[in-house]
Amino acid sequence: MSNKEVKAALKSARDAIRNKEYKEALKHCKAVLKQEKNNYNAWVFIGLAAAELEQPDQAKGAYRKAIELEPNQLLAWQGLANLYEKSNQTVVIEDLADVYRKLLELYESGDKQKWCTVCNKLVELYHQEKKYLEVAETWQKLIQMKQEEGAEKAELHQLWKKMIQLLKDNTENQDNKTAQSLLTAFENAVKSADTIPGEDHRNLYKDFIQCLSKFPHETARLEKACNDMMALYPTVSYPLEVLCLHFIQSGTLSEEALHCFSRLLEIDPSSGPGIIGFGIKYLQEKKYQEAVKSLTEGVQKTRQCPAAWRYLAEAQMKIHKHRDAVLSCNQALEALGTPEVPSLRWKNLILQLKAEVLIKIADADAAEEAIKALEQIVDASNDPVVLAIRGQAYLKKDLMDQASKISQELLLSHPDLAESHALEGFIHYSQKNYEQAERSFLNAIERNAETAEYHQYLGLTYWFMSDETKKDKGKALTQFLKAAKLDSYLGSVFCYLGNYYRDIAGDKSRARGCYKKAFELDGTDEESGTAAVDMSVELGDMDTALSILNEVTEKASPGTAKWAWLHRGLYYLRTGQPSQAVADLQAALRADPKDSNCWESLGEAYLSRGSYSTALKSFRKASELNPELVYSIYRAAAVEQILGKYENAIATYQQILKKTEDYVPALKG
């Protein structure tokens with residue numbers, strides 16, 4: 001076959017393909033290949049015809065042969081691209097990407113329009129395969145080419161926006177290079193917008209800031225973007241809210257942060273991040289009540305802010321609202337979700353605070369929960385403070401061996417740490433080894449004199465050590481006063497100060513003041529409440545006594561606050577108000593139905609009211625619960641006598657006289 005015949009056969013093959021006579025085209029090509037087995041065009045035409053005849057493997061082989069012969073010729077690569085594009089097989093996707101990359105190389109110096117078309121296809125392919133770094137790199141090449149061709153600003157703006165769309169779905173799992181490409185796209189899109197300021201531009205800026213806030217290492221860029229947006233849109237609160245949340249999460253409260261909180265509240269007085277910011281400021285200023293108020297309001301508006309919940313828990317702990325603080329720690333952990341590395345610090349801080357609070361609740365279940373919280377802290381075994389908290393949790397659970405083991409290890413490894421000595425002190429104190437406890441707490445205070453709890457326990461150590469140390473002004477009293485000064489919310493210290501002034505100093509007025517303060521701080525502290533009432537009665541101040549009792553009984557749910565109901569019932573009994581006495585004593589019995597003395601008092605109240613039958617039942621109930629209550633048995637006999645049940649009365653009087661021969665009221669009866 002001559003050269004001329006080869007050309008004629010190839011022309012016939014091309015015509016056959018144009019006329020969709022693909023088998024005919026294959027015959028002509030095969031004839032050519034018999035003569036010239038390396039004829040590029042013949043292999044390309046075979047690829048085309050085989051593809052149309054749905055013989056993909058033959059088509060692929062033909063194109064590959066042509067490429068082997070002429071690697072930099074376009075036709076075979078274009079044919080292979082068309083073949084792969086029609087295939088549903090996932091295995092060809094990587095091959096198709098290779099083909100597109102080669103086509104880009106071949107079009108680069110020539111047909112720019114086709115280069116852009118292939119570039120778009122390659123990007124879509126990468127995006128489909130979630131290869132975001134390749135998406136970013138390829139799309140940037142497209143933008144670069146458009147810039148070199150002098151594309152309009154509006155066209156470039158759309159290209160940057162398209163790049164944002166391609167990359168923004170995957171911010172959580174992006175590598176740094178892809179993340180930088182996304183942020184660059186945002187910066188360029190924001191700069192190239194048509195109308196500045198304008199609604200589209202404002203929304204784009206908002207998306208940019210939202211994206212930046214997901215990258216913890218981009219704080220400088222985030223601050224700049226927020227400040228730039230605020231300059232353009234001074235009445236929009238969004239950038240300020242993000243910036244405030246950033247300051248809250250970073251845990252630093254600079255002048256700049258305070259300025260942001262103030263500005264935000266000027267624009268929107270009900271903004272959650274602004275209110276939270278001022279709550280943190282109050283916490284740092286030791287205005288704990290205000291801190292709790294602001295932070296509680298703030299977290300209701302901005303619930304998904306773990307740092308804010310943690311600050312709230314800290315403020316609640318400062319005012320000894322321990323159960324509330326545990327709930328806030330749980331909310332903080334919930335808001336944290338699954339922590340990535342940046343939130344790991346917050347998770348550890350929250351878990352540590354939760355454990356500290358649970359130990360203050362002081363029951364075995366809370367201590368068990370504290371241990372579970374500490375177990376979740378990453379790298380806890382290397383933190384001596386966390387170890388000391390664990391030691392305290394073991395102590396609360398009466399696991400003395402484990403607590404002692406931690407204490408000994410800490411004293412060896414961290415002898416300069418106050419917590420090491422304090423833990424040793426708590427262990428000695430629980431074992432009533434007061435002299436050793438004194439030494440340990442003095443060592444702890446020497447290393448940290450600002451912890452109220454150390455002074456409180458040193459005071460308690462002196463209180464129980466001996467009468468001398470209890471009475472010595474320089475011992476127990478001094479330590480209690482120091483503890484109260486360092487922590488004015490520590491109710492138990494004010495109770496012991498009350499005990500000191502009542503039992504040692506004989507100062508009833510000062511004692512009453514301390515008990516009142518202790519009870520105001522902890523409304524569940526019956527000892528302080530009872531003592532405050534008793535002191536008020538002794539001082540002849542019934543108004544104060546009644547106001548305390550009224551406040552408690554008003555808030556009390558059924559079956560609680562027995563001491564308050566009982567005290568007020570006895571007061572009404574003494575002051576000739578038997579109906580009120582009956583009501584209060586019944587409420588006291590609902591809290592403790594087995595209190596024989598209370599039943600006896602109820603009997604007296606009924607008797608004063610003239611309700612003899614119910615009085616008789618009450619006295620009998622009292623003597624059933626406590627057969628040693630001779631007075632109740634006597635009163636029951638006296639009521640039987642009033643009711644005319646003389647035989648019963650005589651029998652009861654005789655019963656008393658068998659036990660107590662010289663019981664005058666019974667003889668008289």
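A charge counts as over a ring if NZ of Lys or CZ of Arg is within 6 Å of the ring centre and within 35 degrees of the ring normal. Arg345 also has its charged end over a ring, that of Trp346, at 5.0 Å from the centre.

A word on the source. This is a predicted model, in which local features need pLDDT of at least 70 and side-chain atom pairs count only at pLDDT 80 or more, while totals for chains, interfaces and linings use all residues. Residues are numbered from 1 along each chain as its sequence is written, and side-chain values use heavy atoms, with hydrogens and water left out.

Next, the aromatic rings. Rings of Phe, Tyr and Trp (its six-membered ring) pair if their centres lie within 6.5 Å; planes under 30 degrees apart are stacked, over 60 edge-to-face, and the rest tilted. The count by this rule is 17 aromatic pairs. One of them is Tyr429 with Tyr434, edge-to-face, with 6.0 Å between centres and 65 degrees between planes. Tyr429 and Tyr434 are both buried, meaning under 20% relative accessible area, where over 50% is exposed and in between is partly exposed (1.4 Å probe, protein chains only).

Trp463 and Phe480 make a tilted pair, 6.2 Å centre to centre with 55 degrees between the planes. What does this pair tie together? Trp463 is in helix H25 (residues 452-465) and Phe480 in helix H27 (residues 473-486), so the pair joins parts that are 17 residues apart in sequence. Helices here (H or I, at least four residues) are DSSP runs, numbered from the N terminus, as are strands (E, at least two). Trp463 is buried at 7% relative accessible area, and Phe480 is buried at 0%. One aromatic cluster includes Tyr429, Tyr434, Trp463 and Phe480, among others.

Now helix packing. H28 (residues 491-504) and H29 (residues 508-521) pack at about 165 degrees, with axes 8 Å apart. Axes are lines fitted to C-alpha atoms, for helices over the stretch in contact, and angles run from 0 to 180 degrees between N-to-C directions. H28 is therefore roughly antiparallel to H29 (over 145 degrees; under 35 is roughly parallel, 65 to 115 roughly perpendicular, the rest oblique).

Last, the record. In the model, residues 596-629 are 82% helix and 0% strand, with end C-alpha atoms 8 Å apart.
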